[in-house]
Amino acid sequence: MDKTALITGITGQDGSYLADFLLEKGYQVHGLVRRNSLPNTQRIHHILNSKYNNVKFFLHYADIADSGCLVRLIGQINPDEVYNLAAQSHVGISFDMPEYTAQVTGVSTVRLLEAVRASGKDSRFYQASTSELFGGLKDTAPQNESTPFYPKSPYGAAKLYSYWITVNYRESYDMYACNGILFNHESPRRGENFVTRKITLAVANILAGRQEKLSLGNLDAKRDWGFAGDYVEGMWLMLQQPLPGDYVLATNETHTVQEFAQAAFQVAGITLCWEGSGINTKGYDKQNGRLLVDIDPALYRPAEVELLWGDPAKAEHKLGWRRNVSFSNLVEMMVESDIKMVNSVK
Ligand code: NAP
Ligand code: GDD
């Protein structure tokens, strides 16, 4: 019998790649979607138009903040595996919406765990934990499963609750529940207000003459950026082991936001040269002196995570997980995809 999976957050970046991956493996995939005033299914459009739709692929209206529908859905679907990816996932915006973020990114995890527990079925549970849990550590890197947590945002604090409630349900009720502590992962499907996609889209728009320049916040923050397609395989591997556990997925490399911008413009044949520092930093086209990057202080966060750099040794040894896409290939993939997309819009 094919296995059945339920994915919350299926319309997001990771949910869409995970759905592709599980369908390829022969799973029956169910996705939870929330009602929006406009369609929010662009990232799974290709699946909705494929042979899988309504045969192996099913969407259900629900909200991760609504316990009743979670209990009902888990009861109806009886999933072998539950992937909890739904969240208010933007760190910067969590400072503007801290209580909402606590509800959706934090408390909703226990709603879903309770729904699984109430069903009486042994569904395996994946929780989308994050490197933001390590946020405030400056001297401890690379970070691994033993590194202490120090969240620096309402998002990080909400995810800390989700991390520990997942561990708690594993220990209290003998549930097969895992935390994937994932460092930043990106792709052409990344939301447009995360920094990598904001940069690659700006490069494409500037090249097409549709945008004058790109304004960013903190250019000095360092992130460990991998490719989302590699990371969804790691999520699945965590649920295929004899025993549940918590795993870091990362590339073991770290780059500044400025390096990402430099690399992205370079893919389009533009070499940036930089002047100034901090909020006075400016990036010019080396060839013609045109201003292409400046700083908008409003994009700085009330508290910043300066350094994320992950050590995936445990996942590599125990799960056999490997990332396949390098930093430069990731930047290239995203810029090329955005150039194609911008050029296809009249
Ligand atoms: P994303 O693109 O922002 O997707 C978030 C998903 O959650 C979307 O499908 C969104 O639906 C859904 N959602 C939000 N609020 C909901 C609600 N109240 N009810 C039901 N669904 C709701 O995020 P992502 O990058 O794919 O990340 C997936 C998960 O991994 C998130 O939990 C994120 O915090 C975590 N994570 C991500 C990274 C990363 O670098 N990408 C790293 C570590 C952890 P709509 O489409 O309707 O908005
Ligand atoms: N979004 C954004 N926009 N970030 C900017 C900008 C800008 O214009 N300018 C500089 N940055 C800096 C942010 O201050 C941060 O230091 C870094 O770029 C990355 O920001 P994001 O791309 O928004 O990602 P994030 O690292 O805060 O959070 C992502 O990764 C986490 C895992 O570490 C999200 O996907 C989270 O959901 C995830 O948990």
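Predicted model: local features only at pLDDT ≥ 70, side-chain atom pairs only at ≥ 80, totals over all residues.
Residues are numbered from 1 along each chain as its sequence is written, chains are lettered from A and ligands numbered from 1 in the order in which they are written, and side-chain values use heavy atoms, with hydrogens and water left out.

Two further contacts involve oxygen on the ligand. The side chain of R34 places an N or O atom 2.9 Å from an oxygen atom of ligand 1. A polar backbone atom of H185 is 2.9 Å from an oxygen atom of ligand 1. Taken alone, ligand 1 exposes 900 Å², of which the protein buries 90%; these accessible areas come from the Shrake-Rupley method with a 1.4 Å probe, and for residues only the protein chains shown count as cover.

Helix 1 (13-24), strand 5 and helix 6 are the elements that give two or more residues to the shell around ligand 1. Helices (H or I, at least four residues) and strands (E, at least two) are DSSP runs, numbered from the N terminus. Strand 5 supplies the largest share of the shell, three residues. Of the 26 residues around the ligand, T11, N40, S89, Y155 and K159 come nearest, where a residue is near if one of its heavy atoms lies within 4 Å. By type, the shell divides into 10 nonpolar, 11 polar and five charged residues. Here Ala, Val, Leu, Ile, Met, Phe, Trp, Tyr, Cys and Pro count as nonpolar, Asp, Glu, Lys and Arg as charged, and the others, Gly among them, as polar.

Turning to charged pairs, the structure holds 12 salt bridges, each a side-chain nitrogen of Lys or Arg within 4 Å of a carboxyl oxygen of Asp or Glu. One of them joins R223 to E132, with the closest N and O atoms 3.9 Å apart. R223 lies in strand 9 (residues 222-223) and E132 in the loop between strand 5 (124-130) and helix 6 (154-173), so the pair ties together parts that are 91 residues apart in sequence. Both R223 and E132 are buried, that is, under 20% relative accessible area, with exposed meaning over 50% and partly exposed in between (1.4 Å probe, protein chains only). E304 joins E132 and R223 in a network of salt bridges.

Another salt bridge links E114 and R117, whose closest N and O atoms are 2.9 Å apart. Both residues lie in helix 5 (residues 98-119), three residues apart, about one turn of the helix. E114 is partly exposed at 31% relative accessible area, and R117 is partly exposed at 38%. R190 and E186 also form a salt bridge, with the closest N and O atoms 2.7 Å apart. R190 is buried, with a relative accessible area of 14%, and E186 is buried at 1%.

The chain as a whole has 11 helices and 15 strands. Its radius of gyration is 20 Å, close to the 20 Å that the globule rule gives for 346 residues, so the chain is as compact as a globular protein of that length. The radius is taken over C-alpha atoms, and the rule is 2.2 Å times the number of residues to the power 0.38. Buried residues make up 53% of the 346 residues.

How values were computed:
Polar contact = N/O pair within 3.5 Å; in protein donor to acceptor, adjacent residues only side chain to side chain.
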